[in-house]
Each structure stands twice: as C-alpha cells, then as structure tokens.
Amino acid sequence: MGRRQTLRARTRAREAYGRGPKARPPAGGALAWDRNWRREARAAWWCGLALGGVLVLADLARGGLDWPRGCSWVAIGGALVAVLRPPRITAGENWLAARGLLREHRVRTDLLTQVRRADGIAPRLVLRDVAGNRVELDPAVLAANPLLWHRLDAGARRSRARGLLREGTQPLADLAARIDDEGARRLLQDAGFDRG
C-alpha cells in the first residue's frame, strides 16, 4: 500500500512539472511545444461534434433526415473543426514549426529575415527566413509557453547578430515586454503580492 502511494505521488509530481504521460513531446526532435494545444484541439472537436449532432437531431425530429442531408450536417460539423482547430506550434534547435490539418510550415529561427505583426480580428506574428519559408502564429501562444518564446528569441538574436533580421525587431521587443510583464505579474500573484 505504501509503495503504491509513492508511485502515485511520483506520477503526480512528474505531471505537475511537465514530464509525465500527459505532457509528452511531439515527435521530430521538438524541444518546446504549445502546452495548451491538446485542450484547444479537443474543444474544437467537441464544438464540431456538438454542432453536427444538433443539426442531425433537429432534422431527425423534424422528420426530414436522409443520407444526403445527414452527410451535409456532418460535413458542416467537420468544417467547424477545421476552422477552430489551432495549429500545433513546436520548436527545436534553430527552428519553429506550425502544423495545421494538412501540412507543416517551418522556419529557421537563426536565419530569420522578417518578423511582422499582422493585426486584424486575431493578431498574428508572421516569421520569414532566408529560404522564403513562412510561419504564422498567435503571439498569445508564445506568451503562454515560455520555452517556445525562448527558442524563438534565441534564434532571432542569432539572426540579428548575423545581420539577417533587418525588419521586425520592434514586434519582437513589444512581445518580449508583454511576456516579461505577464511573467512578473504571475510571480507576484503566486507570492501573494497581488494588488487585489
């Protein structure tokens, strides 16, 4: 009995520090990844299933459900999943990748030539490297995942030192200030020095 409790305590500790079975890194040599991706992807699937299910049930209750209509309701639910599912952001030694439903976009962070902030309904950070590769990602992903931010920042510093990154130092500086402010605020709240 005592041995079993020790194993449970170890498993909980590993999960709390991101080394347990719930925090498995993606394949491909990734050193950092979006820790919230699974939760957000699961929510997208639930929303798509719920919409498809409600449409099928409503059509069934109305008495007009047949195969073509049922398939179209399922397709609408699948389209919602495709729209809501976030790209999976991973980073490794000198690279950052965003994997969507069909393909992966990857840039070399040590060979960045441009970093641009695209404002709109959802703000995006657009990264380009010397080979013309392009990755778009939500800056909130970097703010929520310090290891991803560290990988991008270290690569961008190398690009800047090589003289490659000439356009985009301001969006990175703004993002760094935002991440530092949020980190300091979290530390103060955890220590009990919050303003509330």
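Of the 196 residues in the chain, 30% are buried (buried means under 20% relative accessible area, exposed over 50% and partly exposed in between, with a 1.4 Å probe and protein chains only). The structure is a predicted model, in which local features need pLDDT of at least 70 and side-chain atom pairs count only at pLDDT 80 or more, while totals for chains, interfaces and linings use all residues. Residues are numbered from 1 along each chain as its sequence is written, and side-chain values use heavy atoms, with hydrogens and water left out.

The chain contains six helices and seven strands, these being DSSP runs numbered from the N terminus (helices H or I, at least four residues; strands E, at least two). From the N terminus on, their order is α-β-α-α-β-β-β-β-β-β-α-α-α. Among contacts (heavy atoms within 4.5 Å) between residues at least 6 apart in sequence, 52% join residues at least 24 apart.

An open sheet is formed by four strands in the order β1-β2-β3-β4, with antiparallel pairing (two strands pair if DSSP finds at least two bridges between them). Because β1 (32–33) and β4 (104–108) each have a single partner strand, they stand at the edges, and one side of each is left without a neighbour in the sheet. Strand β3 (residues 95–99) is joined to the antiparallel β4 by five bridges, and L96 stands opposite V107 in β4. Helix α5 (residues 146–162) packs on this sheet and touches β1, β2 (88–92) and β3. The direction of α5 makes about 55° with that of β2, where axes are lines fitted to C-alpha atoms, for helices over the stretch in contact, and angles run from 0 to 180 degrees between N-to-C directions.

Side chains of opposite charge can pair when their charged atoms come close. Ten salt bridges are present in the structure (a side-chain nitrogen of Lys or Arg within 4 Å of a carboxyl oxygen of Asp or Glu). One of them joins E93 to R151, with the closest N and O atoms 3.1 Å apart. This pair links distant parts of the chain, as E93 lies in the loop between β2 and β3 and R151 in helix α5, 58 residues apart. E93 is partly exposed, at 46% relative accessible area, and R151 is also partly exposed, at 24%.

Within helix α2, R62 and D59 lie three residues apart, about one turn of the helix, and form a salt bridge with closest N and O atoms 3.2 Å apart. R62 counts as exposed because its relative accessibility is 59%, whereas D59, at 4%, counts as buried.
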